[in-house]
Amino acid sequence: MLVGSIARGTTSYAQFILPAVLYWALRKVTLSNELTFIGRKSGAIYVWHDPLLLPACSILAARWLPNEAMQIALILGLAMGVSIVAGELVGRCRCLSYYRF
């Protein structure tokens, strides 16, 4: 597939090369504590953001803020924050052990 996309002259080969390049580049960068915290909480963000939180945050942001850029910032921040809190609650409550990932 890679050889075929290079032979045709398409840019679809970037999907094969880009992950390796990004991995190499990110290994050279020192990350801040905030980014490593988000990385450690990425499982909770992944699990909780989409089914309930992202739609609810989108509705709230659309009602509260007129500017789309501000809406996106609020949606991202609120969805990530609430996802982290939900993940912590599920991790600490024995009765919610079914929802642990």
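The questions and answers below concern a predicted model and its helices, salt bridges and contacts.

In this predicted model, local features need pLDDT of at least 70, side-chain atom pairs count only at pLDDT 80 or more, and totals for chains, interfaces and linings use all residues. Residues are numbered from 1 along each chain as its sequence is written, and side-chain values use heavy atoms, with hydrogens and water left out.

Me: Which element of the chain has the highest mean pLDDT?
Reply: The pLDDT is the predictor's confidence in each residue, from 0 to 100, and the chain averages 81, with 82% of the residues scoring at least 70. Where pLDDT is low, the predicted coordinates should not be read in detail. Among the elements, where helices are DSSP runs of H or I with at least four residues, numbered from the N terminus, helix α1 (residues 2-8) has the lowest mean, 58, and the highest, 89, belongs to α5.

Me: Where in α4 does a kink lie?
Reply: Helix α4 (residues 42-64) spans only 27 Å between its end C-alpha atoms, whereas a straight helix of 23 residues would span 33 Å, the expected span being 1.5 Å times one less than the number of residues. The bend at a residue is the angle between axes fitted to the seven residues ending there and the seven starting there. A kink of about 75° is found shortly before the proline P51, at H49.

Me: Against which helices do the buried residues of α4 pack?
Reply: Buried means under 20% relative accessible area, exposed over 50%, and partly exposed in between, with a 1.4 Å probe and protein chains only. The buried residues of α4 are A44, I45, W48, L53, C57 and A61. These buried residues pack against α3 (33-40) and α5 (68-92).

Me: Is S83 buried or exposed, and which residues is S83 in contact with?
Reply: S83 is placed in helix α5 and counts as buried, at 0% relative accessibility. Contact means heavy atoms within 4.5 Å. Leaving aside neighbours within four places in sequence, the contacts of S83 are A44, I45, W48, H49 and L53.

Me: Which backbone oxygen does the side chain of Q71 reach?
Reply: Q71 belongs to helix α5 and is buried, with a relative accessible area of 16%. Apart from neighbours within four places in sequence, Q71 is in contact with A61, A62, L65 and P66. At 2.6 Å, its side chain reaches the backbone oxygen of L65.

Me: Which residues are linked in a network of salt bridges?
Reply: A salt bridge is a side-chain nitrogen of Lys or Arg within 4 Å of a carboxyl oxygen of Asp or Glu, and the structure holds two. The side chains of E88 and K41 meet in one of them at 2.4 Å, N to O; E88 lies in helix α5 and K41 in the loop between α3 and α4, so the pair ties together parts that are 47 residues apart in sequence. R92 also forms a salt bridge with E88, the closest N and O atoms being 3.5 Å apart, and these two residues, four apart in helix α5, are separated by about one helical turn. The network therefore links K41, E88 and R92.

Me: Which residues does M80 touch?
Reply: M80 is found in helix α5 and counts as partly exposed, at 27% relative accessibility. The C-alpha atoms of M80 and S42 are separated by 9.0 Å, although the two are 38 residues apart along the chain. Not counting residues up to four places away in sequence, M80 touches I38 and I45.

Note on methods. Polar contact = N/O pair within 3.5 Å; in protein donor to acceptor, adjacent residues only side chain to side chain.
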